[in-house]
Amino acid sequence: MPDKKKLLRSLAGEAMDVPPVWLMRQAGRYLPEYRATRAQAGDFLSLCYNPELAAEVTLQPIRRYGFDAAILFADILLIPQALGADLWFVTGEGPRLSTITDASGMTRMKGKDDIHERLSPIYETVKILSGELPAETTLIGFAGAPWTVATYMIAGRGTPDQAPAHKLREEDPETFSALIDLITEATIEYLDMQVKAGAEVVKLFDSWAGSLKGDSFDRFALAPAKRIIAELKSRHPDLPIIAFPREAGDKYIGFAKEVGADCLAIDTSVDATWAAENLQIDGCVQGNLDPKLMVTGGEALRSEAKRICAALKGGPHIFNLGHGITPDADPENVHHLLEAIRG
Ligand code: CP3
């Protein structure tokens with residue numbers, strides 16, 4: 001299939017000498033053109049809900065670097081907002097939401113089919129992008145996985161250890177499960193609409209999966225991902241899906257196969273050589289350069305990028321970071337990274 005886009009070839013299981021590459025948070029504050037467009041929009045959320053400007057910031061890193069994939073510009077916390085939570089961002093601190101602490105919090109939530117009016121600008125962004133992206137660039141849609149989204153809906157903010165969510169899980173399992181189910185169902189409808197609008201791949205971000213242990217991991221990271229993927233694949237049989245149960249550790253083993261994902265994204269706590277032996281046997285692996293190297297650059301960046309490529313070149317691999325690129329990254333280092341990967 002010589003005409004198939006590079007990223008889609010990796011997702012279909014092909015090993016390549018030079019892997020396709022994109023970066024988590026590739027559209028973001030390290031780019032001056034992003035900061036300018038965000039200022040034009042007013043603030044981060046206004047940018048997410050402005051289809052022309054959201055499409056513009058999605059395209060900025062593609063123009064500058066020629067990545068193999070573009071990821072829709074939006075946020076995982078738009079789903080809570082569409083379900084009825086209040087959401088705002090405090091500059092320099094991060095997101096704030098109204099909280100869900102008991103059953104009464106759930107009664108204030110809307111249903112899974114009531115989200116589309118609020119989210120329609122996001123579908124419009126996808127539509128614009130699928131018309132404007134270069135022919136070789138794959139468009140990735142995304143959503144947060146239910147556990148990660150729930151941690152923000154319960155605590156009302158990011159938390160270092162997700163303690164409020166663990167507390168609700170233990171003390172009011174009925175409310176907790178109802179919330180996980182609602183997010184799961186809304187996420188299916190949201191991603192279905194992204195695909196109908198033109199997303200060619202979808203990625204599920206479970207950024208806090210690592211704080212779920214044992215049986216809780218299986219019930220609240222694995223099972224919801226499996227349900228979302230099964231339903232999306234029944235509606236769109238050829239849709240490739242990337243799962244990112246960040247910091248899952250040993251639980252990465254067999255995860256992609258169990259949930260039905262085509263690709264497993266890995267963080268930096270996992271070694272690429274270990275991933276080749278233990279994870280790539282099930283299919284494509286995405287990752288996993290340390291984002292700090294995008295700040296410091298130099299020979300360490302080049303040699304580590306080459307080491308990851310070499311470790312994973314025996315099977316399907318998509319080059320990426322282990323987590324998002326940070327605002328203090330040097331835009332020039334992205335050029336150096338691409339040179340190291342592509343030669
Ligand atoms: O990767 C991309 O470029 C696509 C867009 C994207 C954003 N957020 C834009 C964004 C994606 C895929 C996300 C996912 C996301 N959002 C996650 C999962 C991945 C991860 O990083 O673990 C999470 C947990 C969120 C929630 C969120 N959004 C937080 C905690 C924050 C504040 C921290 C920060 O980096 O500022 C955001 C804000 C956010 N989302 C920004 C961007 C570009 C920065 C906002 C700004 O411009 O000020």
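1. In which helix does Glu258 lie? Glu258 belongs to helix α12, which spans residues 255–259; helices here are DSSP runs of H or I with at least four residues, strands are runs of E with at least two, and both are numbered from the N terminus. Please keep in mind that this is a predicted model, in which local features need pLDDT of at least 70 and side-chain atom pairs count only at pLDDT 80 or more, while totals for chains, interfaces and linings use all residues. Residues are numbered from 1 along each chain as its sequence is written, and side-chain values use heavy atoms, with hydrogens and water left out.

2. Glu258 is partly exposed, at a relative accessible area of 38%, where buried means under 20%, exposed over 50% and partly exposed in between, computed with a 1.4 Å probe on protein chains only. Leaving aside residues up to four places away in sequence, Glu258 touches Leu222 and Lys226, a contact being heavy atoms within 4.5 Å. The C-alpha atoms of Glu258 and Ala223 are 9.1 Å apart in space, although the two residues are 35 apart in sequence.

3. Around the ligand there are 23 residues, of which Arg29, Tyr34, Arg38, Asp75 and Ser207 come nearest; a residue counts as near if one of its heavy atoms lies within 4 Å. A side-chain N or O atom of Arg29 is 2.7 Å from a ligand oxygen, and a polar side-chain atom of His323 also lies 2.7 Å from an oxygen atom of the ligand. For Arg38 the corresponding distance, again from a polar side-chain atom to a ligand oxygen, is 2.2 Å. Taken alone the ligand exposes 860 Å², and the protein buries 87% of that, with areas from the Shrake-Rupley method and a 1.4 Å probe.

4. Gln60 is found in helix α4, residues 51–65, and is buried, with a relative accessible area of 4%. Beyond residues up to four places away in sequence, Gln60 touches Glu33, Tyr34 and Thr37; Tyr34 is also among the residues that come nearest to the ligand.

5. Ser130 lies in helix α7, residues 116–132, and is partly exposed at a relative accessible area of 40%. Not counting residues up to four places away in sequence, Ser130 touches Leu139, Ala197 and Gly198. Gly198 is 68 residues from Ser130 along the chain, yet their C-alpha atoms are separated by 5.7 Å. A polar atom of the Ser130 side chain lies 3.1 Å from the backbone oxygen of Lys127.

Notes. Polar contact = N/O pair within 3.5 Å; in protein donor to acceptor, adjacent residues only side chain to side chain.
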